[in-house]
Amino acid sequence: MRKKRALCLVIVFVMLMTAACSTKKEEVISDDGTPTITYWAEFSGQAKFGVKTLAELPAYKNLMEETGVNIEYTHPVAGQVDEQLNLMIASGELPDIIEYPFYEYPGGPQKAVQDGCIITLNDVFKKYAPNMTAYLNENPEVAKMIRLDSGEYYTFPAIYDDESLLVFTGPIIRQDYLDKVGMERPETIEEWYNVLKAFRDELKISSPLSLSYANDYAFLQAFGVIRNLYVVDGKVKYGVVEPEFKKAVTELSKWYAEGLIDKNIATLDSKTVTYNMLNGLSGAAVGNTGGGIGSWMASMKDTPEFNVVATKYPVLNKGDMPMYGQRINSYSPLGSAAITTACKNVEAAARVLDYGYSEEGRMLFNFGIEGESYNLIDGYPKYSGLVTNNPNGTSLSQMVSYYTCPHGVGPFLRDGRYYEQIAGLPQQTESIQMWKQTDAKKHMLPPITLTTEESAQVAKIKSDLDTYIDAAYLKIITGVDSISEYDDFIAGVKALGVERYIDIYQEAYDRYESK
């Protein structure tokens with residue numbers, strides 16, 4: 001939704017950029033001589049913790065103490081981030097730091113630099129950010145991700161610094177149902193088909209597979225395609241126009257016709273999937289380690305026989321490696337922070353942001369306050385009883401959010417040891433190991449940037465493609481249109497400019513690879 005809102009505001013945004021971003025402000029020094037910087041970031045803490053700003057949370061109080069910098073935080077209203085960013089720019093009153101995914105800025109981060117809103121950071125890293133510099137030197141792949149096509153750095157990035165954090169979604173199945181029908185966890189498309197039929201026929205389950213439209217990639221990828229952009233040997237492809245896509249659509253439409261997929265595939269949301277899985281309406285779905293396996297097992301803790309487990313992403317032939325799966329990049333534009341051109345004390349701003357890449361900053365933003373929210377046990381940061389078994393009944397996840405980073409991602413190194421403790425069920429641990437067994441890293445697009453002109457073209461083409469495909473593809477899957485009309489469907493896709501769409505991303509991908 002954020003991207004759609006941002007695209008709607010492109011014209012206003014661009015008109016206001018150059019004039020507003022050039023505004024300067026005087027450096028603020030407190031009475032005791034401590035520098036003060038202003039920091040704009042998302043935060044919905046009042047609802048979660050009863051506080052109004054990040055500055056009231058333990059980790060952020062500690063950040064100010066350790067860096068010797070006062071930080072005045074301001075936060076946009078939840079759900080109005082893009083609109084309020086635009087208004088802030090229009091006012092000419094920029095803060096020193098903006099935490100925002102500048103890939104969503106019209107024309108991307110390069111345009112934000114050209115417009116004079118944010119500064120490049122190459123010299124800043126060298127002079128004032130030793131921890132960031134050391135990390136990038138040791139991790140050239142991440143360094144490439146956060147460089148502009150021009151070779152300049154612009155952001156202090158949010159980084160998932162552990163492979164175990166990059167994968168958290170995949171196929172989930174009721175193990176207790178598999179036991180009832182005497183079958184093993186399915187691995188191939190054929191095995192999935194047989195298991196779903198057994199759930200339908202032997203267990204009388206009305207919607208054996210709760211498959212939402214957003215998660216159909218989990219089964220499409222078995223045929224070597226997804227309903228989006230991906231890369232094969234350096235070539236950008238759009239799965240819908242690949243020949244294998246027809247085979248995938250044919251199979252899914254068969255499953256739908258035979259009652260193996262929930263009839264509401266077009267509108268199925270996570271709440272309905274959860275209801276189906278917990279109430280015997282479905283035996284399989286695509287879900288998360290935490291919000292799926294973890295929450296479902298917790299909800300059914302008084303039903304001992306209930307057991308959900310992960311399966312590998314399906315393939316056509318047993319032993320094959322799945323072509324695609326859910327995976328994120330180590331670098332996340334969400335939670336990354338840029339220094340604006342209004343900042344008068346770049347050294348202080350960089351000192352604050354660089355702290356998140358130090359060992360002390362890693363511990364602070366992942367585990368909180370030593371001796372209070374965690375203790376070091378044989379070198380391992382173990383959450384304390386205050387967090388894991390709070391006397392007031394506050395949940396583990398809520399306490400972790402209170403003591404660390406409330407939105408889970410920010411300009412720091414996210415540590416895998418926090419996840420080991422909040423997703424500790426054996427089924428959860430196993431799920432990550434199963435879902436990571438794909439070639440997704442090889443095929444997913446890196447965090448490329450588009451020029452202003454490319455962004456405008458892509459916005460129009462993508463909007464048309466999404467509208468058309470959402471309707472036409474689902475009509476074939478659900479049997480409203482026959483598979484015999486598939487060629488007409490593809491002709492419609494091509495008529496909307498999909499070849500230009502692919503070319504634009506190919507050019508952007510090539511620029512990324514040449515950095």
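Helices (H or I, at least four residues) and strands (E, at least two) are DSSP runs, numbered from the N terminus. This is a predicted model: local features need pLDDT of at least 70, side-chain atom pairs count only at pLDDT 80 or more, and totals for chains, interfaces and linings use all residues. Residues are numbered from 1 along each chain as its sequence is written, and side-chain values use heavy atoms, with hydrogens and water left out.

**Stop 1: Ile118**

Select Ile118. This residue lies in the loop between helix 6 (108-114) and helix 7 (122-128). Is Ile118 buried or exposed? Ile118 is buried, because its relative accessible area is 2%; buried means under 20%, exposed over 50% and partly exposed in between (1.4 Å probe, protein chains only).

Now show its contacts, meaning heavy atoms within 4.5 Å. Leaving out residues up to four places away in sequence, Ile118 touches Phe102, Pro109, Ala112, Val113, Tyr154, Ala338, Ile339, Thr340 and Thr341. Then draw a line to Pro130. Ile118 and Pro130 are 12 residues apart in sequence, and their C-alpha atoms are 21 Å apart in space.

**Stop 2: Thr340**

Step across to Thr340, one of the residues that Ile118 touches. Thr340 sits in the loop between strand 12 (331-339) and helix 16 (346-354). Its relative accessible area is 1%, so Thr340 is buried. Residues up to four places away in sequence again aside, Thr340 touches Leu94, Pro95, Asp96, Ile97, Ile98, Cys117, Ile118 and Ile119.

**Stop 3: Thr36**

Go to strand 2 (residues 35-40) and pick Thr36. Thr36 counts as buried because its relative accessibility is 9%. Thr36 and Glu72 are 36 residues apart in sequence, yet 7.2 Å apart in space, C-alpha to C-alpha.

**Stop 4**

Two strands count as paired if DSSP finds at least two bridges between them. Strands of a sheet pair through backbone hydrogen bonds, either parallel or antiparallel.

Walk through the pairs:

- Strand 7 (residues 209-210) and strand 10 are parallel, with 2 bridges. Ser210 has Ala285 of strand 10 as its bridge partner.
- Strand 6 (residues 169-174) runs antiparallel to strand 10, joined by 5 bridges. Ile172 stands opposite Ala285.
- Strand 6 also runs antiparallel to strand 11, over 3 bridges. Here Arg174 partners Val308.

Stay on strand 10 (residues 284-288). How many of its 5 residues are buried? The count is 4, so strand 10 is mostly covered.

**Stop 4: the largest nonpolar core**

A nonpolar core is a set of buried Ala, Val, Leu, Ile, Met, Phe, Trp, Tyr and Cys residues joined through side-chain atoms within 4.5 Å. The largest one here has 168 residues. Which members touch the most others? They are Phe156, Phe219, Trp255, Ile339, Tyr473 and Phe489. Helix 23 (residues 452-477) gives the largest share of this core, 9 residues.

Centre on Trp255. Neighbours within four places in sequence aside, Trp255 is in contact with Ile189, Trp192, Tyr193, Leu196, Leu209, Phe219, Leu260 and Ile261.

**Stop 5: the largest cavity**

On a 1 Å grid over the protein atoms alone, a cavity is a set of points where a 1.4 Å probe fits but cannot get out, and a pocket is an open set with protein on both sides within 12 Å along at least five of seven lines; lining residues have an atom within 4 Å of a point. Grid points are joined across faces, edges and corners, and a volume is the space filled by probe spheres set on the points.

The whole structure holds 3 cavities of 30 Å³ or more. The largest has about 140 Å³ of space. It is lined by 15 residues, with Tyr39, Tyr60, Glu99, Phe365 and Pro411 closest to its centre. Helix 4 (58-67) and helix 16 each supply at least two lining residues. The lining of this cavity divides into 12 nonpolar, 2 polar and 1 charged. Ala, Val, Leu, Ile, Met, Phe, Trp, Tyr, Cys and Pro count as nonpolar, Asp, Glu, Lys and Arg as charged, and the others, Gly among them, as polar.

**Stop 6: the second largest pocket**

Finish at the second largest pocket, with about 820 Å³ of space. Of its 33 lining residues, Gly290, Ser397, Tyr419, Ile422 and Ala423 lie nearest the centre. Helix 15 (289-299), helix 19 (396-403) and helix 20 (416-422) each give two or more residues to this lining. Helix 15 has the largest share, 6 residues. The lining of this pocket has 17 nonpolar, 15 polar and 1 charged residues.
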